[in-house]
Amino acid sequence: MQDPPRPAAARAVQSCKDAGIDVKMMTGDHPRTAAAIASAVGLDGNSTVGGLLTGTDVEGLTGDELSRAVNTATVFARVTPQQKLRLIRLLQDGGHIVAMTGDGVNDAPALRQADVGVAMGGSGTEVAKEAADIVLTDDNFATIEAAVEEGRNVLDNLFKFITWTLPTNMAEGLVILVAILMGWTLPILPTQILWINMTTAVALGLMLAFEPKEPGLMSRPPRDPDRPLFTRQLGLRVLLVSALLVGGTWWTFQGELGRGASLPEARTAALNLFVAFQILYLFSCRSLGHPAWTVKPFSNRWLAVGVLLQVLAQAAITYLPAMNTLFHTAPLDLQSWLAVFLAAAAAWGVVALDKHFRPNIT
């Protein structure tokens, strides 16, 4: 009689190892059975090198010995529910985040103790399901690996959105604040700031949520759970981008006035510079660790749609008479657009250099 692991289990275990996740087996089965299953899925269940411990071994070790053994051993066979609970606690005391899978009544204490209790939805008992945080409807270990990968992608996209939205929103306020403090003419009006905030948040920032998984996502080491979302490196990136946006806006505004443009025309140029740089910076944020040009441009179709909608919106606020009246804008000539694109490209180049020398800001 055999109850072999599913074919996808071995691949999932290897993927977890590549991701820095230690996979251990705790079972009440006979040591030989446990070792055979462990070998089939790519775990080290060799009792001669300490890869396998039995419940008797666990009871015979002192507290310090068991604390060391629980980190080196991969398979624990013939262990009782109380021993499973003890082993989970020792792993947690060692600083590990522990996910525990189980299906029986005897697994309930360990499922409750674990940071993430995962019960089997098909073969699991109601007690196990109630004690767990997550219930797997397909009873498949590979689903856990897929959930970890999906979770990493969600966190990735959250960081991308934060990296994009914080400096752009800060710059919106700083443009107004600097003008007020210095007693200068506003380069962008509050209604125009409101336009930027409302349109770019939906058409640009929201589209980062649909970014596909980056290559090598499951080859990264786990992120320290105590590491804050807003790191020092991210703070420096926020300050840099905010300064570039504010400086570029003032440079464009003053440059347009200097060549004889009207106040509405100069403000419209500054407004479009602000949005143009946000679009370029958006592409930079699609990958926080790789250059923007290494990311496939159309791998996120929603982002392409969002950029197109934003471009059309900017054309409308620049050239439609009704929008000119409502937002105090004016049509721009080719020279103005050239100045806008040059300033946006120069600012984006500075961000690309910073990204090259400081690739890890999360």
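At 52% relative accessibility, Leu312 counts as exposed, because the exposed class begins over 50%. The model is a predicted one. Leu312 lies in helix H12, which spans residues 301-319.

Leu312 belongs to a nonpolar patch on the surface. Val202, Leu206 and Phe210 are also part of this patch. Helix H12 gives the most to the patch, with five residues.

Buried here means under 20% relative accessible area.

Strand E5 pairs with strand E4, residues 99-102, in the parallel sense. Four bridges make up this pairing. Gly102 stands opposite Ala119 in E5. From E4 the chain passes through helix H6, residues 108-113, and on to E5. This β-α-β crossover is right-handed.

Strand E5 also pairs with strand E6, residues 134-136. These strands run parallel and are joined by three bridges. Val118 stands opposite Ile134 in E6. The chain leaves E5, crosses through helix H7, residues 126-131, and reaches E6.

Methods:
Residues numbered from 1 in each chain as written. Predicted model: local features only at pLDDT ≥ 70, side-chain atom pairs only at ≥ 80, totals over all residues. Heavy atoms only, no water. Pairing = 2+ DSSP bridges. Helix = DSSP H or I, 4+ residues; strand = E, 2+ residues; numbered from the N terminus. Right-handed = clockwise from strand over helix to strand, strands pointing away. Patch = residues over 30% accessible without salt bridge, like charges linked within 9 Å, V, L, I, M, F, W, Y side chains within 5 Å. Areas by Shrake-Rupley, 256 points an atom, 1.4 Å probe, with all protein chains shown as cover. Salt bridge = Lys/Arg side-chain N within 4 Å of Asp/Glu carboxyl O. Buried < 20%, exposed > 50% of the residue type's maximum accessible area, 1.4 Å probe, protein only.
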